[in-house]
Structure formats: C-alpha cells, structure tokens
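Q: I'd like to learn how to read a structure like this one, feature by feature. Can we go through it together, starting with charged side chains?

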Amino acid sequence: MKIKPLLDKVVLEQIEAEEKTASGILLPNSAQEKPSYAKVVAVGEGGIVDGSEVKMLVNVGDKVLYSKYAGSEVKIEDKKYVIVKQADILAIIE
C-alpha cells in the first residue's frame, strides 16, 4: 500500500528511540522518550493552503525534527507513521 499525502502534508516514519544511554545503561520501554525525529517517506505536492501558497521544502529520504505532539499517528501494514503539516517540521538533519 502506498500513502500519498495531500497539499502541505508530509508522511514520516519515526526513527526508533535509543534503547540504551551513551554510557551503556539499558532503558525500559516506559523510560524511552517518544522520538521527535523521523525519516520522510512521502511529501504532498504543496499548493494553496488557507489562502497562501505553500512550497514543499522537504524531500523523500530527508531526516527531520518535528514538533513532539504534532500530527496524526496511523498504522499501515504493521508500520507506524505520523502525518504532519510541513509547518510542524522544525528542521532537516544533514
């Protein structure tokens, strides 16, 4: 199944949280923070949104930081995705 976001929406695949700290301490699932970085898997075509033209600045394959509580989580074929507006993406990680 393929996801095609509309207008200014971006589909993100969350990058898994670290299971251990830098010093080697293993973290239980309850202590792991929800990641706010992800890989872009699909991008809308942009266009006129709320009377303003939106140009898409992210591309498929980019790694991005996004607002922690942004978007809608969906599960498709046993994979979890987050669909956010481009405005909820804070930065592209290079």
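This is a predicted model: local features need pLDDT of at least 70, side-chain atom pairs count only at pLDDT 80 or more; totals for chains, interfaces and linings use all residues.

Q: Are Lys 9 and Asp 8 buried, exposed or partly exposed?
A: Go by relative accessible area: under 20% is buried, over 50% is exposed, and partly exposed is in between. Lys 9 has 28%, so it counts as partly exposed. Asp 8 has 9%, so it is buried.

Q: How many salt bridges does the structure hold?
A: The structure holds 2. Besides the pair above, the side chains of Glu 13 and Lys 79 meet at 3.6 Å, N to O. This pair links distant parts of the chain: Glu 13 sits in strand β1 and Lys 79 in strand β7 (residues 79-85), 66 residues apart. Glu 13 is partly exposed because its relative accessibility is 22%, and Lys 79 is partly exposed because its value is 39%.

Q: What about a charged residue that has no salt bridge?
A: Look at where the nearest opposite charge lies, then at other contacts of the side chain. Take Asp 62, in the loop between β4 (52-54) and β5. Asp 62 is buried yet has no salt bridge, and the nearest side chain of opposite charge, Lys 63, is 10 Å away.

Q: Which backbone atom does the side chain of Asp 62 reach?
A: The backbone nitrogen of Asn 59, at 2.9 Å.

Q: Now the strands. How do I read which one pairs with which?
A: Follow the bridges and the direction. Strand β1 (residues 9-14) and strand β2 (residues 37-43) run antiparallel and are joined by 5 bridges. Within that pairing, Leu 12 stands opposite Val 40 of β2. Glu 13 and Ala 38 show how sequence and space can part ways: they are 25 residues apart in sequence, but 5.4 Å apart from C-alpha to C-alpha.

Q: Which other strand does β2 pair with?
A: Strand β5 (residues 63-66), in the antiparallel sense, over 3 bridges. There, Lys 39 stands opposite Lys 63 of β5.

Q: And how should I picture side chains along a strand?
A: In a regular strand, they alternate between the two faces of the sheet.

Q: Which residues form the nonpolar patch on the surface?
A: Leu 65, Leu 90 and Ile 93, with about 270 Å² of accessible area together. Ile 93 lies in strand β8 (residues 89-93). With 41% relative accessibility, Ile 93 counts as partly exposed.

Key:
Residues are numbered from 1 along each chain as its sequence is written. Side-chain values use heavy atoms; hydrogens and water are left out. Two strands pair if DSSP finds at least two bridges between them. Helices (H or I, at least four residues) and strands (E, at least two) are DSSP runs, numbered from the N terminus. Patches are made of residues with over 30% relative accessible area and no salt bridge: like charges are joined within 9 Å, nonpolar side chains (Val, Leu, Ile, Met, Phe, Trp, Tyr) within 5 Å. Accessible areas come from the Shrake-Rupley method with a 1.4 Å probe; for residues, only the protein chains shown count as cover. A salt bridge is a side-chain nitrogen of Lys or Arg within 4 Å of a carboxyl oxygen of Asp or Glu. Buried means under 20% relative accessible area, exposed over 50%, partly exposed in between (1.4 Å probe, protein chains only). Lys and Arg count as positive and Asp and Glu as negative; His and the chain ends are not counted. A polar contact is a pair of N or O atoms within 3.5 Å; within protein, one must be able to donate a hydrogen and the other to accept it, and residues adjacent in sequence count only if both atoms are side-chain atoms.
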